[in-house]
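Here are my notes on the side-chain interactions, for your comments. Please read them with the structure open.

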Amino acid sequence: MSEAFALSPDFNSAESRAEVPRSLGLARRGDRGVIVKVTGVSGAAEAIDAQELERRLLEMGFVEGARIEVLHEGLFGRDPIAVRVDDTRVALRRREAGAVAVKFDGR
Amino acid sequence: MALDTPVRQDPGLASSDPKASDAAPARIALVGNPNSGKTALFNALTGSRQKVANYAGVTVERKEGVLTTPAGRQMRVLDLPGTYSLRARSPDEVVTRDAVLGRLAGEAAPEALICVADATNLRLVLRLVLELKRVGRPFVLALNMYDIAQRQGLRIDLERLSREIGAPIVTTVATRKRGLSELLEQVERLVVPRGDAVDSVWREPSAAEIRAAHAEAQRIFKACVKPPERPDTMTGKVDGVLLHPVAGLAILLTLLFVMFQAVFTWAKIPADAMDHLFGAFGAWTAAHLPPGLLASFVSDGLIAGVGSVLVFLPQILILFFFILMLEDSGYMARAAFLMDKIMGGAGLHGRAFIPLLSSFACAIPGIMSTRVIDNRHDRLTTILVAPLMTCSARIPVYGLIISAFIPPRTVYGVLSLQGLVMFGLYAAGIVSALLVSFVIRRVFWRGAVEPFMMELPTYRWPEPRNLLMNLWTRARIFLERAGRIILPLMVLVWVLSTFPYPPPGATGPAIDYSIAGRIGHLVEPLMRPIGFNWQMTVALVPGFAAREVAVATLGTVYAVGGDADSHAALSTLLQHQWSLATALSFLAWYVFAPQCAATLGVVKRETNGWLWPSVMFAYMLTLAYIASFVTYHVAVALGAG
Ligand SMILES: Nc1nc2c(ncn2[C@@H]2O[C@H](COP(=O)(O)OP(=O)(O)O)[C@@H](O)[C@H]2O)c(=O)[nH]1
């Protein structure tokens, strides 16, 4: 578990390019990466207060530097998603995942 | 079983004098993440010596138990709702925070805390531990699920971890009662008399502070925990199937179908038996008591009242058995994941689907199980729409009217018309529940959409003993709470339909002269526009006791008797007395009308006041009237009047 935190697995690392961080809200099943920023600003309509969302995400383990992998997607609109954050499995909606920026491993 | 909270002693007094501590036991509280085995530990520590009530003024469940330490000392244990942080986001978490800080009105601060952690999932809980450490109340860390940690070959440097968090650590296996005496020894050491009152300092951490705490927790985690040699791979594999977008949903629906069937069919046998038993017992007392008021009160009021509470019990037990299985195994979070989008479309939370599903059996357990929803508005919305789901008590009413008025024809060659109408009534309930919740969330409680964010716990086999214990707790809560409100209501309805007596030589049915009868006659002009006659309105009044009672009352009012043998007679009679439009209007009424005092009583209990039951009553009555009005007039216009 803790190794996973430090080293990124050589998932197609040959093709890896300097990826710009993307929103977790847009990630697809199988995407892996490292969280680079948690803002609380999800851009979704009728979202809760950004500070509040940021803290909730942090409390569930969404912190900068954590490894993340999208494990499952829902049937309708591929929403919500289930992700692995380090070694915790968490389910969340894409609207809130939008507040997490991830540097995905190259593919 | 007394629910009242006993008089509290000042904890300072209690702990400074060892003699006094016999009189006022020390108080400890359990805190921890959800799914850490907190409930299992609470059950293991207190056995059956538990009390469940509500905290003063809030709807959060308060679970307290008594334990005896190896040294023979009695302590009171409070089981606090699971949380990831002292920063409260739901009423449950407010209680956790305030209880830990000793700020809860009417509650003394606990002298020590037991922080329960899943040893195989320490990452998030360490931050909570650091937060507790800053509060300054003495605590011990119970590393629970240690059997699983050992099986996985997880190595934890307990000594170092204990040093880092500044608190003693005990490894436990709650389901096997392992490590409990060591845990209690540590607790005893923590609650030694201390002259100075422990000051709780805590303020809401900022995002930056949470990040810092997380980094610190991460450092401790890396320093003390070596990754498991045989990590759990089962959960990932099982999730591959159970969370599959299509297969997962199909499995969930199958499961729900089985559950629904079980509640209907398995519960029917004991429920019918109980019904007969109480019926026979009522008849027996009526026969053996001198005829008159007392006999009527005992058999029709009291025994019928107790019976009407107890017939719900089999359904509730079976339903909660399934719910607890789903919860303990870790599947419930997956079910919420799968259903979130569908429920979310109607403005409901993913977790609302179990309460709504339960309401098909009976709205009472449905409303009781809304506790799984954290957000207050989400929970209230679910409670408000739950009675719109077609509960089993509507079936006798639907059955009577359908068999009397809908011809047993087949349409399109295969479908029975009667079945279609029945299906239509169910669908009307579901659709209206979704519409009402949509309106509530879009019009009345617009506000921010509550995030759906939830840990998906590791799958585990439910522990039978632990499960039975939790089931027993549920059953007791139902009997204590629902019983307290349902029984008096039944007695009230009996009083209304018994007094005053018919005058000597009266020819009509007795109920016609009672208060209920008078109310029926009084409101009849109001009901005329929706096609109801006075017999129907009279039947509605006792029908508030329980929906199916209306069938029996119709029998009484039309003087054919209300038991099963007279159903056919009643059915034929109604065909001659009612028009089709009236019958359809009556059905529409039963889809929406709040014809169940017990449900309103339980809503009062769950929401701690009469506001929400009143809102529920008003909106359902309005919907019922509108629906019946429209149905009646459309039917009349189509020539069914
Ligand atoms: N193997 C094992 N299972 C446990 C232990 N403690 C609890 N469980 C199981 O873990 C599941 C969740 O426990 P529960 O007490 O409901 O967790 P809570 O959400 O923290 O109250 C249940 O199925 C328990 O039977 C333990 O020490 N060892």
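Predicted model: local features only at pLDDT ≥ 70, side-chain atom pairs only at ≥ 80, totals over all residues.

1. Salt bridges overall. Over all chains, the count comes to 36 salt bridges. I pick out a few of them here, starting within chain A.

2. A bridge between strands. Glu69(A) and Arg32(A) meet through their side chains in a salt bridge, at 3.8 Å from N to O. The pair links distant parts of the chain: Glu69(A) belongs to strand 3 (residues 67-73) of chain A, Arg32(A) to strand 2 (residues 32-38), and 37 residues separate them. Glu69(A) counts as buried because its relative accessibility is 17%, under the 20% limit. Arg32(A), at 25%, counts as partly exposed.

3. A bridge within a helix. The side chains of Glu52(A) and Arg56(A) form a salt bridge of 2.8 Å, N to O. Both residues lie in helix 2 (residues 50-59) of chain A. They are four residues apart, about one turn of the helix. Glu52(A) and Arg56(A) are both buried.

4. A bridge between chains. Which residue forms a salt bridge with Glu59(A)? The partner is Arg87(B), with the closest N and O atoms 2.7 Å apart. Glu59(A) lies in helix 2 of chain A and Arg87(B) in the loop between strand 4 (74-79) and helix 4 (91-101) of chain B, so the pair joins two chains. Arg87(B) is buried, with a relative accessible area of 1%. Glu59(A) counts as buried too, at 0% relative accessibility.

5. The network. A network of salt bridges links Glu52(A), Arg55(A), Arg56(A), Glu59(A), Arg87(B) and Glu204(B).

6. Aromatic pairs overall. The count comes to seven aromatic pairs over all chains. One of them is Phe405(B) with Trp578(B), a stacked pair with 6.2 Å centre to centre and 20° between the planes. This pair links distant parts of the chain, 173 residues apart. Phe405(B) is in helix 18 (residues 394-405) of chain B, and Trp578(B) is in the loop between helix 24 (567-577) and helix 25 (580-592). Phe405(B) counts as buried at 13% relative accessibility. Trp578(B) also counts as buried, at 5%.

7. An edge-to-face pair. Phe532(B) and Trp589(B) are paired edge-to-face, 5.7 Å centre to centre, with 65° between the planes. Here, too, distant parts of the chain are linked, with the residues 57 apart. Phe532(B) sits in the loop between helix 21 (515-527) and helix 22 (534-540) of chain B, while Trp589(B) sits in helix 25. Both Phe532(B) and Trp589(B) are buried.

8. One cluster. Phe405(B), Phe532(B), Trp578(B), Phe586(B), Trp589(B) and Tyr590(B) make up one aromatic cluster.

9. A charge over a ring. Arg334(B) lies over the face of Tyr459(B). The distance to the ring centre is 4.1 Å.

10. A buried glutamate. Is Glu164(B) buried or exposed? Glu164(B) counts as buried, at 17% relative accessibility. This residue is in helix 7 (residues 158-165) of chain B. Leaving aside residues up to four places away in sequence, Glu164(B) touches Lys133(B), Arg219(B), Ile220(B) and Cys224(B).

Terms used: Residues numbered from 1 in each chain as written. Chains lettered and ligands numbered in written order. Heavy atoms only, no water. Buried < 20%, exposed > 50% of the residue type's maximum accessible area, 1.4 Å probe, protein only. Contact = heavy atoms within 4.5 Å. Phe/Tyr/Trp six-rings, centres within 6.5 Å; stacked < 30°, edge-to-face > 60°. Lys NZ or Arg CZ within 6 Å of the ring centre and 35° of its normal. Salt bridge = Lys/Arg side-chain N within 4 Å of Asp/Glu carboxyl O.
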